[in-house]
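Dear colleague,

Please find below the structure that I am handing over to you. My notes on it follow directly after it.

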Amino acid sequence: MSQYDISELERLIDGELPWARVQEIMKDAKDADRFEKWVAILQARVPWKEPILLPLTTALFIVRKGRQRIVKCRCGHEFGDYRVNWKLAALIHVRETEGQLAEVYRGTEQPDPTWIQIREYTCPGCGTQLEVEAVPRGCPPDFELLPDLDTFYRAWLGRPLPDAVACEDKTLEAMRRWRIEPR
Amino acid sequence: MSPKQPKQALPRRKTKTGAKPKARKAAQRGTAGRAPARESLRAQLERNDRLLRETGYLFGLEEMQRKQEDPGTYEAVWQILLNICNTAHAVGCRVSSSPIAAEGGDALWSLHLPTGEAVCTSRGIVSHPGLLSLLLRSYIEAGYEDDPGIRAGDIYENNDPHFGGIHSADFQTTVPIFWNGRLIAWAGSVTHVMDAGFVLPGSIGFMNPDCFSDGVPVVAERVGENDHFYPWYEKRMRSRTRVPDWTMGDARGRLAGCLTIRDRVLALVEKYGLDFFADVTREYIEDSRRYAISRVRTQAVPGRIRKSNFKDLAMAGKRVLLPVQNVDCLFNLPLEITIDVDAKVGISLQGASGWVPFGQNITPDALVSGMLNAYSHIVGFDMFNWGAAAAWSLVEPPAGSWANPYPVNYFASSGVAWAPAVVWMSSLYEAFGRLYWARGFVEEVAAGAATTMTAEFSGTNQYGLYTAGLTLEQACNGGPARGIADGETSAWCIYTPNADFGNAEVTELYYPVLYLGRNVEPDSGGYGKFRGGLGHTAVWLVMNTPGIEYQCGCAGIRSKLCGNHGMFGAYPTWPDRPAYASGTNLKELVAARQPLLHERGDPEHPNIARNLQADVIEPNLIAPFVTPEPLHEWDVIVHPVSGSQALGDPLEREPEFVQQDLDDGWGQERVAADVYGVVAKFDEGERRWSVDVAATAQKRAAIREERKQRGVPFREWWQAERERILAKENMADAVLAMWRSSMELSPGYAAELRAFWKLPDDFTF
Ligand SMILES: [Zn+2]
């Protein structure tokens, strides 16, 4: 089983390893302790102390805060329970006219705004563009990854998390109190 | 109205589920799952299914004795089999004279167990081993062993999606391998022919309205014996395909490769013994299943992954075949993956939209094979064979959807069934990329695939002969962005790791066109911290012909839309937009030594309109289409081939990468400034760009601030968006029709959509 020291993994993550070395790592059997080292590297790079349970994207993490598991941006902004799609707590900007699209796509590159809208999800804390969706009107936002954290830690990593919770999508439940206000 | 499928013709499918690893010891211990000498194929099939069900291991192989006893020989024989299959690929492609096989290598040869499961495959189109496996299984289930009987020297073939094909341009040839009178394996092959006898010329049958226009049928039948095709087989190809020399060249190539496999496998059995051969071939398949499972377990995370995706097929107002086709279609291509505690992967397409009156419907069996293709790239590529298919299960797609049309419309066309599937599969790359990212395997992340826009020519060629066929441009597009680097440019293709677009000079020998350009297309890999590999644009000058048709085909494109990719905050690649001009002044421009047309140029002022004068100039077409009139000498085509998807916030792209793309002519100044937030200026003296690092940091901070200002809280947007949905505001008819069919075919999906927007229970679009 391969093993890499933290400094080499940091160079891999930062895109600094020579391509030939990256290919060796790709072809070798995977290192069993990658996850632990990955989390350690990322934990050292964020300015907050809550332990990372799972990295979600380049900017977002599921962390443990007290007895809660929440989504947190690297900047520190918190999005709430990881079982609720974090997009509900993000800023959104939608491009749905030719003019709005033209800031990104012009001329022959422009999609048809009656077929599709471009949704940009931004972190209210740091202004990072977290995800972009290109979907027709009516499409609920994708809840890309809902990990089964307890199964992962208990059965796959062999170190159960305290305070197990049911792995279920809580997005609709979170929206239950959203009132429809007449325009 | 399309008729319901006759009951007796239901395609039989078995979804492998419910494996129980803790079941009793393998019943066949000591014989490693191999079949008793006189057991019928049907009995072997039933036993294999039962053993998997009861033990959780393919063929009941709880232990892999040959591997344990002698891992060196086990590995060596695998390499020999791999060599045998690749030799068959080399032989078959050379025997075939068709550009697709001979120049593009876009074909496949494989070795199978007597019961069909693929053991080992060649390079080439890796989407086919699963289909060949299920096709062979279907022969056994249909009782072919007794009637008509399977004998040494027989050639069985199929191209009918009703009976195990993907689309009729892909011919599947299988040859049994006998040893001392006993069937011990099959050799199989698939090639994509140049013309399948569709209602229109070529092999990308997007325009076919129903299966009766899907060309020459070969329906799971014996097409030859004693290693020879029947004379009537060739007669059929000669009268029912447009370029029969190529079609028959492919047939002979498939057969030659299969016979190559047969002869070499028999030599291998001679050397190692039948028992060893029977044991290891089964162990290789179980090994692959275990590999796929363990790779998911060591690299992914259990839970649920969802990814929407959509694909357009806008045909209203274009040249079509039947009035019913005068319509714009939008496909809903949803993906939901669940990974359970045992690392078993479940895949669902709940919400898939309905079948279409075009050749873009696919069967669940073909989707399974497509999945195997995706797995070969991203999950299990150590020993590539049927084994990975037992590591996941596909929930039966909604009956009547593009992914399962026959229960509702048995006459649905699969002229290019691959088209929606390949776009759907792109989601699979991103989905697994997200899982690998979570686990820290950043080097395995792939942000999503490029698209597959084809170019076919038909008419009289430079030799005065009729021709019809496909160029291979689309087989070589950009590779997906990784978690740590840009994707490779013009280097990759979702459906074949061969990724060979052939030589321009050779393509010019096949078709009456000359390349004016084959250039990397700037900024065609999305915009992100890491961009996808870039695609390229072919510019063709029509020459030495009295007239040819250009079919700009959809084998998996988006022309109205962007893909729903943009992983981790990147922007997705733009839509596929070809162009052409006819009645041009190019001849005069050449004589006057004026600038010609070599690339697409500025998207707002494409070169085709800027440099040329012509009777017809179409600079920004919605694909796919067939030219309304034949093209003639000095007419010109601009055919872009897409790049792949990007990853990460574009403001996090290293400014020096942006500068490098500017220097190489691979990036546009506007995009560098507006999307990447890079302040750069061109140094006329040094002929290169330089970045103002401090100004770039300032500009990027300002853009981030601007995002925060213009972004609205999601809930606020949700309120307003809900009203616009109720009013169906700014929604094309195709969008409304798509939602209606998705919601009708998948009530659970509909309920969730209504619940999210708090729409009335009876709401429809
Ligand atoms: Zn943030």
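Which strands does helix 17 of chain B lie across? Helix 17 (residues 693-710) of chain B lies across strand 5 (91-95), strand 6 and strand 7 of chain A, together with strand 25 of chain B, and runs at about 90° to strand 5 of chain A. Helices (H or I, at least four residues) and strands (E, at least two) are DSSP runs, numbered from the N terminus. Axes are lines fitted to C-alpha atoms, for helices over the stretch in contact, and angles run from 0 to 180 degrees between N-to-C directions.

Please note that this is a predicted model, in which local features need pLDDT of at least 70 and side-chain atom pairs count only at pLDDT 80 or more, while totals for chains, interfaces and linings use all residues. Residues are numbered from 1 along each chain as its sequence is written, chains are lettered from A and ligands numbered from 1 in the order in which they are written, and side-chain values use heavy atoms, with hydrogens and water left out.

The four strands form an open sheet in the order 7(A)-6(A)-5(A)-25(B), with antiparallel pairing. Its edge strands, each pairing on one side only, are strand 7 (129-135) of chain A and strand 25 (712-713) of chain B. Two strands pair if DSSP finds at least two bridges between them. Six bridges link strand 6 (residues 117-122) of chain A to strand 7 of chain A; A:Glu120 has A:Val132 as its bridge partner there. Between the chains, strand 5 of chain A and strand 25 of chain B are joined by two bridges, and A:Leu91 is partnered by B:Pro713.

The contact between the chains

Chain B contributes 99 residues to the contact and chain A 90 residues, where contact means heavy atoms within 4.5 Å. About 8400 Å² is buried between the two chains, 58% of it from carbon and sulfur atoms; buried area is the accessible area (1.4 Å probe) that two parts lose on being put together, summed over both.

There are 13 salt bridges between chain B and chain A, each being a side-chain nitrogen of Lys or Arg within 4 Å of a carboxyl oxygen of Asp or Glu. One of them joins A:Arg106 to B:Asp674 (3.8 Å, N to O). In another salt bridge, the closest N and O atoms of A:Arg34 and B:Glu443 are 2.9 Å apart. A:Arg34 belongs to helix 3 (residues 34-45) of chain A, and B:Glu443 to the loop between helix 11 (418-439) and strand 14 (453-460) of chain B.

Yours sincerely
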